[in-house]
Amino acid sequence: MPELPEVENVKLSLERLGVPGQVFERVELRRADLRTPLKKEMTRRLPGQRLRAIRRRAKYILFETEDFLLLNHLGMTGSWRAAGPGGGAGEDRRPHDHVVLHFASGLRLIFNDPRRFGLLELSAKDRVPSQLARLGLEPLSAEFTATRLFEDTRRVKAPIKNFIMDQRRVVGVGNIYASEALFAAGIRPTRPAGRLTHKEAEGLTETIQSVLRDAIAAGGSTIRDYRNSEGEAGSFQKRFAVYDREGQPCRRCGTSLKARILAGRNTFWCAKCQR
Ligand SMILES: [Zn+2]
């Protein structure tokens, strides 16, 4: 499943392709549904609309037009590719091409999704889609500060790892990123969130941001079959500090790394470096 860094890279790729500013000519729906119904409304309302911007919120991509918001989630296997002027390689028709956005310039964006857990939903621009209504802080935004993390964790007894992976608190910190950020900050994943000091909250906001930025710079890092919208595979091979390294020596102190299941997810840490 694509994580936040991969989705950010899809957004950046769409921007590089010059998608913002394009005017919709036609929306072609090749099936009735993905995870949710593909509503015909899209084919009537989008033509003539200019794309003002492409944004990312958590793992959603938001195509903003003058009057509408086209909400997209890649699900497990969704990807965009471009065809037509400036699009190049994606010209051929492939299995699982479910939606094609045709723009007046001749550019086309094709949504391919073999497992069909993806999502494309249209809403009025002044309405917040229900999927976005309860999302927590965006970790790479200015609102994600040490003070905010410190205050939000007060009196929280749940482990800090569960807290930073809770989408209602902070979005897009997947399991790998949580383990790596906690190691870099020297905080044990099992520590009750409410026991973080302000200084540790400072360290953790920094390490969460740096692991996400590193993953974005590497083109995304977590899954093998994912491709960004220019058709390049994200670079998967990343040298993790703790993730998936149970029993192996800590890269900092040499102690054998520990692992246990926390909130249903594999969790890795160094008992000496993380307190
Ligand atoms: Zn260590």
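**Cores, rings and a zinc site**

Let's start inside: the largest nonpolar core has 27 residues, and those with the most contacts within it are Leu14, Phe63, Trp80, Leu101 and Leu109. Apart from this core lies another one, of 24 residues, including Val156, Val173, Tyr177 and Ala193. Keep in mind as you look around that this is a predicted model.

Now for the aromatics. The structure holds five aromatic pairs. In one of them, the rings of phenylalanine 240 and tyrosine 243 are edge-to-face, because their planes sit at 70 degrees, with the centres 5.5 Å apart. Tyrosine 243 also pairs with phenylalanine 268: here the centres are 5.3 Å apart and the planes are at 75 degrees, so this pair is edge-to-face too. Since tyrosine 243 lies in the loop between H7 and E9 and phenylalanine 268 in strand E10, the pair ties together parts that are 25 residues apart in sequence. Phenylalanine 240 and tyrosine 243 are buried, and phenylalanine 268 is buried as well. Elsewhere, ring pairs link Phe63, Trp80 and Phe111 into a cluster; Phe63 and Trp80 are names you've already met in the largest core.

The zinc ion is coordinated by the SG atoms of Cys250, Cys253, Cys270 and Cys273, at 2.2 to 2.4 Å. Angles among the four donor atoms run from 101 to 113 degrees, and the site is tetrahedral. Cysteine 273 is buried at 16% relative accessible area, whereas cysteine 253, at 31%, is partly exposed.

Conventions. Residues numbered from 1 in each chain as written. Predicted model: local features only at pLDDT ≥ 70, side-chain atom pairs only at ≥ 80, totals over all residues. Heavy atoms only, no water. Donors = N, O, S within 2.8 Å, 3.2 Å for Na, K, Ca; no water. Tetrahedral: all angles 85-135°; square planar, octahedral: opposite > 155°, others 65-115°. Buried < 20%, exposed > 50% of the residue type's maximum accessible area, 1.4 Å probe, protein only. Core = buried A, V, L, I, M, F, W, Y, C linked by side-chain atoms within 4.5 Å. Phe/Tyr/Trp six-rings, centres within 6.5 Å; stacked < 30°, edge-to-face > 60°. Helix = DSSP H or I, 4+ residues; strand = E, 2+ residues; numbered from the N terminus.
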